[in-house]
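Reader: I am new to this protein. Could you walk me through how to read it, one feature at a time?
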Amino acid sequence: MKKLILLLLPLHLFSITVMAQTPAYKNKQLPVDKRVADLLTRMTVEEKAGQLNQLNGGAFTGPAANDPGQKAKMEMVRKGQVGSMLNVTGVTETRTIQDLAVKESRLGIPIIFAFDVIHGYKTIFPIPIADACAWDPALSQQATAVAAKEASAEGLHWTFAPMVDVSRDPRWGRVMEGAGEDPYLGGVIGAARVKGFQGNFGKDNILACVKHFAVYGAVEAGREYNQVSVDRVNTWNFYMPPYKAAVAAGAATVMNSFNVFEGVPASANSYLVNEVLKKQWGFKGFLVSDWNSFGEMVQHGYAKDNKDIAMKAINAGSMMDMETRAMVSEIPGLVKEGKVSMKTLDAAVAAILTMKFKIGLFDDPYINCDPQREKNNVFTAEHRNISRDAARKSILLLKNNEGILPLNRAANIALIGRWAESADDIFDFWVANAKSDPYRPVTLLEGLKNAGAKIKYARGYQDDLKPDNALADEAAGIANNADIVIVNLGISGKLAGEDRSIAMPEIPESQLDLLRALKKTGKKIIAVVSAGRPLVLTKAEPYCDAIVYAWILGTEQGNALADVIFGDYNPSAKTVMSFPYAVGQIPVYYNHMNTSRPSSTDGQGNWYSRYRDIPNDPLYPFGFGLSYTTYSYSNLKLNRNSLKKGEKLEVTVAVKNTGSRAGEEIVQLYIRDLIANQIRPVKELKGFEKITLAPGQEKTVRFMLDSDMLSYYNSNGVLTIEPGEFRVFIGGNSRDVLEAKFNFE
Ligand code: NOJ
């Protein structure tokens, strides 16, 4: 017994010594705030500034100006001058850099690796705008959860998504990344995407980043990096709700936008960051700039040099610096001069370190560097199946004359169009790691063949979309011998994403020539339209018996389209952006304010707000999408005709499947506040429900309208509710609705 005690004693003493030597921040047992506080006491001001520094480590997703080069960057990692890297992916690549940070830097603070995981990582999902057309938050959540599983298996901890910028302008290449023009739907989908990425902050999850804060979706004329000019009333009511919802869903990070808001760049805008995001919304995570958006304060004419930039950014509440390297170089001097307080710096660094602790990086810096996970969790059959399901649910059926679709598999099909067989033209900008084999998407040609179709293919138009009569004639020749024509129109996926604004989002002239040639054959024409944005279809539409809007559907694009074309899936998607009637009508959106002279029927005669050459209405309104079956709406009922604050109004409607196929219908509820101290939109989406109906089946759909849903934001971002008359509308799109009224007292 004595011997045993003697033996144990030294061991016991040894472990006490080790405990004493282990700094508190390395002690897993302690709560995160204690560990962060301990680490801050050990850090030099240079090391703190280092945590605010994010460097690019791979392919450039922004201008490569003044890039210091790989060697210098690795040296900075060794010195503890880098808190995060973007665009480094893969277990081996991230491990190599993590090794330097953890083993060679003084305090061993791990790097957090980020990447633009926008719609899948290697298994690519429909682009976000398409996915949103499913009006299915659970599906959006599932898609981002799969993306997170794949990305985390390849060394990543953090994505720059979801983008929740409300967008009304299809000239902007980035409408593809969001959820369209509606603030409420944008918030629901944005929150679901955050939850999918982040889960419970487990090893199969990655941190989300809500972007671009704020109001970047309003870039003038849809031109990337352009100015934004929106007043606070519009900001609060149309643009803020999705950011707010995504932050409320627990988003760990937020990205500053490139634009200026009220004369001050968003990256240094204290109202946006300190006041709204942190104070009003209680955001506790960390912020990252957009690519050199700190640096671009110089071009904006807001800051003089890096020192000015760093001071203005951090004092406005911004934190991590993507690719300007102003924080790392200037913060130490600014602190010394008293222009930035240690308190401000510590708050920023603490927010970043807290997330690193929270995801377990300090306890296992190689948490996402497991080659087995990289091998087993990426591009699996299961993920592809989920992507195919999401793709089918994202496809819009915009026209279907005489029920020409779905097609019979036995038909002889003439498939026309370069995009139908060019895998390279399917994907957009945001699929950096899925561009080569085996990750290439299934083309429409392959998808139709996989489904057993009998096909003759012709290219129809050139890649550059210049007119080519020979190609159009060849296509018509093939069409002549077919039962039916499927023509893949639209623009290359390469024109979707950042820095891909176009002035004419419409069906190119060469494709209209092609349609004319095909029409002469007398065959029925089914158009499949590919684009990362709503295109103006007005000129093409009369030539087409059916229009299937494919967006960009991801890895399973061709298979999902075949599912719809042959009726294995009955389309159910509804557009989340209005399809303009003409480019000159942009922006056109459903939730606009009334004008002083809304229509000729309002006693204005001819003197009303209109175009002389085109209608005011879009070609296809927000919320629109057809099915292979039809639905009727009836019996809109309110359980009361007035309500008070805190009360609820029950709204019911009967929806019946009047066709011969089972289908899913997205039932939409809108309201209008007739008279208010701030004028309100003609319609605002307040609820929706996706229901499944068998042929002939009728269901009563029930919505509870909470009095809070009747409120709007005043210019300070405070929700306001006023008594008065309201309208409620229910329908299968924002145009064709039943209507009832009630009062708020
Ligand atoms: C610039 C884009 O605006 C942003 O959305 C993206 O996350 C960064 N580049 C990083 O690639």
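This is a predicted model: local features need pLDDT of at least 70, side-chain atom pairs count only at pLDDT 80 or more; totals for chains, interfaces and linings use all residues.

Reader: Which residue does the side chain of Asp 99 meet in a salt bridge?

Author: A salt bridge is a side-chain nitrogen of Lys or Arg within 4 Å of a carboxyl oxygen of Asp or Glu. Asp 99 makes one with Lys 103, at 3.0 Å from N to O. Both residues belong to helix H5 (residues 91-104) and are 4 residues apart, about one turn of the helix. Helices (H or I, at least four residues) and strands (E, at least two) are DSSP runs, numbered from the N terminus. Lys 103 has 60% relative accessibility, so it counts as exposed.

Reader: How many salt bridges are there by this rule?

Author: The count comes to 48 salt bridges. Let us look at another pair: Asp 563 and Arg 388, whose closest N and O atoms are 2.9 Å apart. This pair links distant parts of the chain, with Asp 563 in helix H20 (residues 557-565) and Arg 388 in helix H16 (residues 381-394), 175 residues apart. Asp 563 is buried, at a relative accessible area of 4%, whereas Arg 388 is partly exposed at 28% relative accessibility.

Reader: What does the salt bridge between Lys 645 and Asp 708 tie together?

Author: Their side chains meet at 3.2 Å, N to O. Lys 645 is in the loop between strand S18 (642-643) and S19, and Asp 708 is in the loop between S22 and strand S23 (712-713), so the pair ties together parts that are 63 residues apart in sequence. Lys 645 is exposed, with a relative accessible area of 54%, and Asp 708 counts as partly exposed at 45% relative accessibility. Salt bridges can also share partners: Asp 116, Arg 174, Glu 177 and Lys 211 are joined into one network in this way.

**Reading the sheets**

Reader: In what order do the 6 strands of the open sheet stand?

Author: Two strands pair if DSSP finds at least two bridges between them. The order is S11-S16-S15-S14-S12-S13, with mixed pairing. Strand S11 (396-400) and strand S13 (454-458) are at the edges with a single partner strand each, so one side of each has no neighbour in the sheet. From one strand to the next, the twist averages 20°; axes are lines fitted to C-alpha atoms, for helices over the stretch in contact, and angles run from 0 to 180 degrees between N-to-C directions.

Reader: Where can I see the two kinds of pairing?

Author: Strand S12 (residues 412-416) runs parallel to S13, joined by 5 bridges; in S13, Lys 454 is the bridge partner of Asn 412. By contrast, S11 and strand S16 (residues 546-551) pair in the antiparallel sense over 4 bridges, and Leu 396 stands opposite Tyr 549 in S16.

Reader: Is S11 largely enclosed or exposed, and why?

Author: Of the 5 residues of S11, 5 are buried, so the strand is largely enclosed by the rest of the structure.

Reader: Which helix lies across S12, strand S14 and strand S15?

Author: That is helix H19 (residues 509-519), which lies across S12, strand S14 (484-490) and strand S15 (525-530) and runs at about 170° to S14.

Reader: What is the order of the open sheet of 3 strands?

Author: The order is S17-S19-S22, with antiparallel pairing. Strand S17 (631-638) and strand S22 (698-706) are at the edges, each with a single partner strand, so one side of each is left without a neighbour in the sheet. Strand S19 (residues 648-657) is joined to S22 by 9 bridges, and Val 651 stands opposite Phe 703 in S22.

**Reading a helix**

Reader: Which residues of helix H10 are buried?

Author: In H10 (residues 270-280), they are Tyr 271, Leu 272, Val 273, Val 276 and Leu 277. Just after H10, Gly 282 takes a positive phi of about 65°.

Note on methods
Residues are numbered from 1 along each chain as its sequence is written. Side-chain values use heavy atoms; hydrogens and water are left out. Contact means heavy atoms within 4.5 Å. Buried means under 20% relative accessible area, exposed over 50%, partly exposed in between (1.4 Å probe, protein chains only).
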